[in-house]
Each structure stands twice: as structure tokens, then as C-alpha cells.
Amino acid sequence: MKNRYKLLQKVLIVMVMSLPMLVNAQVCDYTSSSVTFNIGTAATLPSNSITSYLLVDNATKTIVQISSTPSFSGIVQSKLYDVLAYSYVNNNTVTGLVVGGALSTISSSCGDFSNPLTVRICPPSNGGGTCD
């Protein structure tokens with residue numbers, strides 16, 4: 001019984017010591033530097049509307065890329081991203097829709113965001129299988 005207790009104690013110590021490594025090893029949703037998303041059924045919008053697709057840094061809420069399609073390429077940093085669509089009437093009132101800008105600064109006289117899709121993207125140049 002005493003030997004079982006010592007063995008169990010050693011196993012628990014190893015498990016506790018390994019826990020930080022298990023928590024930090026995030027599994028990636030995508031392991032490519034180019035990613036395309038399926039938007040499903042699109043909403044019916046007025047003819048003078050534009051939809052921009054945004055790749056946003058999940059931690060800082062900074063716009064990393066803007067695309068006219070739900071595709072992004074040249075992704076170099078392994079991290080957690082939000083993917084959103086921003087649809088707005090093209091009447092020259094949209095502001096803040098710039099790469100490097102904060103998501104919270106985007107506005108227009110008539111516009112709306114989709115719900116965010118949060119994904120982990122880990123390009124091959126940064127290890128591929130785990131995220132930072």
C-alpha cells in the first residue's frame with residue numbers, strides 16, 4: 001500500500017508539472033497562411049451596399065486584413081483571430097475601415113457587423129500545429 005501511495009504521488013506530481021504545457025499548446029483551426037471561409041446564406045442587401053470581410057486580432061481587436069471576399073492570405077502570425085463581415089451602404093460615410101485600425105472605430109450612416117467567428121490560425125512558418 002505504501003508503494004502504491006508513492007507511485008500515485010509521483011504520477012500526480014508529473015501531471016501537475018505537465019499541466020502548463022498542455023494548457024499552452026493550443027490546437028489550430030487552420031495551419032495555412034491562406035484561409036477561405038464559407039459564409040453560408042448571405043443576407044439580402046440594398047444594391048448600393050458593400051460587404052468587407054475583416055481578419056481581426058482577437059486580443060487587441062486591431063484589423064489585420066480587409067478583403068472583398070471571405071478569404072485572407074499572407075497570414076504570418078500564429079494567434080487567435082476574429083473573422084467578421086461589415087456590410088454598409090456605399091454613401092461615403094464609412095470611417096475607420098483601415099488595416100491597423102481598431103475594430104471599435106468603424107462606423108457609417110448605415111452599416112452592421114456579423115457575429116464574429118473566432119479561429120486559431122497557425123501558418124507553417126510558425127510551427128504549424130500549435131499557436132502562440
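Ser 67 is buried in this predicted model, with a relative accessible area of 14% (buried means under 20%, exposed over 50% and partly exposed in between, using a 1.4 Å probe and protein chains only). Residues are numbered from 1 along each chain as its sequence is written, and side-chain values use heavy atoms, without hydrogens and water. Local features need pLDDT of at least 70 and side-chain atom pairs pLDDT 80 or more, whereas totals for chains, interfaces and linings use all residues.

Ser 67 belongs to strand β4, residues 63-67 (strands are DSSP E runs of at least two residues, numbered from the N terminus). Its side chain makes polar contacts with two backbone oxygens, that of Thr 69 at 2.7 Å and that of Ser 71 at 3.1 Å (a polar contact pairs N or O atoms within 3.5 Å, one able to donate a hydrogen and the other to accept it; residues adjacent in sequence count only if both atoms are side-chain atoms).

Strand β3 (residues 49-57) runs antiparallel to β4, joined by four bridges (pairing requires at least two DSSP bridges). Leu 55 faces Gln 65 of β4, and five residues separate the two strands of this hairpin, with Lys 61 in the turn adopting a positive phi of about 60°.

In one, Asp 57 and Lys 79 approach to 2.6 Å; both residues are buried. In the other, Lys 61 meets Asp 82 at 2.8 Å, N to O. Lys 61 sits in the loop between β3 and β4 and Asp 82 in strand β6, so this pair ties together parts 21 residues apart in sequence.

Definitions and conventions:
Salt bridge = Lys/Arg side-chain N within 4 Å of Asp/Glu carboxyl O.
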